[in-house]
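Subject: Structure for you to look at

Dear colleague,

I am handing over the structure we spoke about, and below it I have written out what was found. Please read the notes with the model open beside you.

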2 protein chains.
Amino acid sequence: MESINTCNCEGCELKSLFFENVTTSEIESICTRKTEHEYSKGDIIIQEGEAIQDFIYLKTGLVKLYRSGNNGKEQIICFALPLDFVSLLSIFSEQKYNYSVAALEDSVTCNIRMEEVKSIASQNGKFTLSLIEKVNKATDRIILDFLEVKQKRLYGRIAYILLYFSKKIYNSKSFDLPVSRKEIAEYIGMTVENVIRSLSDLRKDGIIKIFGPNIEIVDEDRLLRISELS
Amino acid sequence: MESINTCNCEGCELKSLFFENVTTSEIESICTRKTEHEYSKGDIIIQEGEAIQDFIYLKTGLVKLYRSGNNGKEQIICFALPLDFVSLLSIFSEQKYNYSVAALEDSVTCNIRMEEVKSIASQNGKFTLSLIEKVNKATDRIILDFLEVKQKRLYGRIAYILLYFSKKIYNSKSFDLPVSRKEIAEYIGMTVENVIRSLSDLRKDGIIKIFGPNIEIVDEDRLLRISELS
DNA sequence: ATCAGGTGATGATAATTATCATAGAGAAGA
DNA sequence: TCTTCTCTATGATAATTATCATCACCTGAT
């Protein structure tokens with residue numbers, strides 16, 4: 001991880017989104033004290049169990065939230081793009097992170113000391129209210145996605161995650177999978193072998209094409225039907 | 001549902017928990033305008049799709065949060081006791097509820113208009129901050145429980161939910177199940193038949209006793225091991 | 001009182017998923 | 001270079017779970 005501080009808040013398109021109800025002087029205070037961090041693909045941004053010190057949000061990149069289950073296996077909680085909070089869960093309710101965050105692509109975060117955020121929050125109700133809305137939207141999304149995946153079976157889950165990457169992350173029918181088969185398995189809660197098998201089957205049926213990490217969705221309608229019919 | 005308004009806030013033990021950072025005049029304003037509602041076991045408190053108008057919390061009773069999946073089947077999101085918010089998800093981020101709430105036991109809710117809460121929140125950062133903490137804690141709990149259940153298999157899930165009711169809800173090794181076998185199935189994401197079979201097996205193995213709705217945990221250690229070893 | 005419908009229960013069987021084994025390709029390290 | 005490790009891939013088999021059928025019991029409705 002590399003720590004830099006060259007970001008100018010004036011040009012930051014995220015500023016207005018996150019801090020719409022903050023006064024100019026409060027923003028100035030944030031901007032001078034915030035730190036920015038660069039991560040390479042694969043780097044760990046947050047380690048489960050660490051003390052929560054910063055309020056972190058993703059400026060650019062793609063990350064995964066995950067935690068290690070009882071049996072040593074990892075479980076992926078969700079994927080997050082910029083404008084989703086990285087510091088979603090536990091941020092206001094816990095002392096320590098109960099999940100980890102790692103970069104799936106080169107990423108940049110903007111960090112603000114929690115005390116700073118809490119100090120502004122305690123003085124500025126409108127800010128806190130807009131914060132609560134955004135945090136809630138993100139956790140709602142996680143829960144609804146969990147329920148969505150839960151009601152599907154193997155093939156439906158595979159179809160669902162392919163459509164998720166295609167539509168929500170890359171907005172294209174052809175994309176490089178940012179995760180390994182193993183990570184897909186950790187997200188949908190199935191074994192690697194079955195993930196690989198399902199992808200192979202989808203390829204054999206002419207629904208997708210696979211070139212190494214690249215996936216091309218050939219027959220989106222059928223993929224959609226598989227996703228919906230479990 | 002019956003609407004009453006006889007609750008006196010002075011004696012309300014929940015007041016200080018939820019509204020610790022609220023001024024006396026703000027509390028008075030809340031107390032005069034809040035409404036209280038009584039529900040019988042089985043009553044629906046919130047219907048999925050309804051407009052969110054009130055901030056609702058549970059005074060007494062036990063409820064379930066659930067939503068209807070694509071295939072018509074219902075999925076139970078979580079169970080909630082007093083001091084857990086009922087209006088957890090979507091409350092600050094959505095216009096309409098994306099889940100339903102029903103009473104598993106006779107329950108009483110205290111309702112406050114959302115505008116009232118938002119109005120206090122926008123003027124009182126400390127209040128909003130303590131609110132965000134509580135809402136986050138509850139949604140965190142849901143997500144962690146989801147992950148916990150997800151990594152277990154049928155027997156582990158059954159053991160887990162029995163221990164959950166025993167320890168978290170009733171604090172006793174003997175209790176009446178507040179939910180049907182079907183509802184357990186809807187929570188753990190398995191079929192009713194398999195839930196019933198698992199309970200029968202646990203009974204045959206002498207780990208629990210079943211008298212109609214009553215469950216008695218005989219061998220808690222073994223149940224714990226089953227829960228942990230999936 | 002009787003009927004319909006929901007719930008709990010159990011068995012037989014089918015479908016789904018996990019586990020184990022094996023193998024090639026590529027990456028990282030000695 | 002050679003070894004080791006991880007990832008992708010596939011097959012065979014075992015374990016797990018779902019589906020279907022049947023039945024008893026209870027409750028509410030007509």
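A disulfide is counted here when a pair of cysteine sulfur atoms lies within 2.5 Å. Please keep in mind that this is a predicted model, and that a search of the whole structure, over all chains, finds zero disulfides.

Turning to chain A as a whole, its secondary structure consists of eight helices and nine strands, and 55% of its 230 residues count as buried. A compact globule of 230 residues would have a radius of gyration near 17 Å, and the 19 Å of chain A agrees with this. Along the principal axes, the C-alpha atoms of chain A fill a box of roughly 60 × 40 × 30 Å.

If you look at contacts in chain A between residues at least 6 apart in sequence, you will find that 71% of them join residues at least 24 apart. The accessible surface of chain A is about 10,200 Å², with 48% of it belonging to carbon and sulfur atoms.

Best wishes

Technical notes. Residues are numbered from 1 along each chain as its sequence is written. Chains are lettered from A and ligands numbered from 1 in the order in which they are written. This is a predicted model: local features need pLDDT of at least 70, side-chain atom pairs count only at pLDDT 80 or more; totals for chains, interfaces and linings use all residues. Side-chain values use heavy atoms; hydrogens and water are left out. Helices (H or I, at least four residues) and strands (E, at least two) are DSSP runs, numbered from the N terminus. The radius of gyration is taken over C-alpha atoms; the globule rule is 2.2 Å times the number of residues to the power 0.38. Buried means under 20% relative accessible area, exposed over 50%, partly exposed in between (1.4 Å probe, protein chains only). Contact means heavy atoms within 4.5 Å. Accessible areas come from the Shrake-Rupley method with a 1.4 Å probe; for residues, only the protein chains shown count as cover.
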